[in-house]
Amino acid sequence: MHHIQKGLAHALAYLHHDCSPAIVHGDVSVNNVLLEWDFKPKLSDFGTARLLSPDSSNWSNVAGSYGHMAPELAQTMRVTDKTDVYSFGVVALEVMMGRHSREMLESLSGS
């Protein structure tokens, strides 16, 4: 299980630090992580990906999966690498708990 999270973290680190300009995926969720036969993760669906330009404000329309989107993105509409890191945290929690984030939120609210 930890190798899935580690592989996904490496993929995001590559996009954020090794690409020039940096790339923000924009929709990191369990639906966009494909597993090879040996459970090596591959990040997929770059439909909402954006280039992070240092001379731009990186404003965006709200896009992403429900429950995986960073709250500050919905409020400020500003895309940063931190929005992917938040989504990664949600995916890591889902992998550890074996449940979708929506199920976890519903159990907390008593619904």
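Predicted model: local features only at pLDDT ≥ 70, side-chain atom pairs only at ≥ 80, totals over all residues.
Which residues make a nonpolar surface patch of about 300 Å²? Leu 93, Met 96 and Met 97 make it. I looked up Leu 93 next and found it in helix α3. Its relative accessible area is 39%, so I have it down as partly exposed.

**Overall layout**

I stepped back to the whole chain. I count four helices and four strands, and along the sequence they run α-β-β-β-β-α-α-α. Of the 111 residues, 33% count as buried. I also checked the contacts between residues at least 6 apart in sequence: 51% of them join residues at least 24 apart. The chain exposes about 6900 Å², and carbon and sulfur atoms supply 59% of that area.

**Helix α1**

I ran a length check on α1, residues 2-18. Its 17 residues should span 24 Å at 1.5 Å a residue, and the end C-alpha atoms sit 23 Å apart, which agrees.

Then I asked which residues of α1 are buried. My list reads Ile 4, Gln 5, Leu 8, Leu 12, Leu 15 and His 16. They cover an arc of only 95° around the axis, so they are on the same side of α1. The background I jotted beside this: an α-helix has 3.6 residues a turn, so residues three or four places apart point the same way.

Turned away from that buried side is a face with the exposed residues His 2, Lys 6, His 10, His 17 and Asp 18. I also wanted to know what covers the buried residues of α1. The cover includes the strands β1 (22-24), β2 (33-35) and β3 (41-43), along with helix α3 (81-97).

**Helix α3**

Back to the helix that holds Leu 93. α3 has 17 residues and reaches 25 Å from its first C-alpha to its last, close to the 24 Å expected at 1.5 Å a residue. I noted its buried residues as Thr 83, Asp 84, Ser 87, Val 90, Val 91, Ala 92 and Glu 94. Just after α3, I see Gly 98 with a positive phi of about 70°.

**Salt bridge**

How many salt bridges does a search of the whole structure find? I got one. The side chains of Glu 36 and Lys 42 meet in it, at 3.6 Å from N to O. Glu 36 has a relative accessible area of 33% and is partly exposed. Lys 42 counts as partly exposed too, at 35% relative accessibility.

Where does the chain depart from that? I found a cis peptide bond from Ser 20 to Pro 21, with omega near 0°. Pro 21 has its place in the loop between α1 and β1.

Phe 39 is not a glycine, but I read a positive phi of about 65° there. I placed Phe 39 in the loop between β2 and β3. At 47% relative accessibility, Phe 39 counts as partly exposed.

Asp 45 went on the list as well, being a residue other than glycine with a positive phi, near 55°. Asp 45 lies in the loop between β3 and β4 (50-52). With a relative accessible area of 43%, Asp 45 is partly exposed.

Note on methods
Residues numbered from 1 in each chain as written. Heavy atoms only, no water. Helix = DSSP H or I, 4+ residues; strand = E, 2+ residues; numbered from the N terminus. Expected span 1.5 Å × (residues − 1). Buried < 20%, exposed > 50% of the residue type's maximum accessible area, 1.4 Å probe, protein only. Arc of directions from axis to C-beta. Contact = heavy atoms within 4.5 Å. Patch = residues over 30% accessible without salt bridge, like charges linked within 9 Å, V, L, I, M, F, W, Y side chains within 5 Å. Areas by Shrake-Rupley, 256 points an atom, 1.4 Å probe, with all protein chains shown as cover. Salt bridge = Lys/Arg side-chain N within 4 Å of Asp/Glu carboxyl O.
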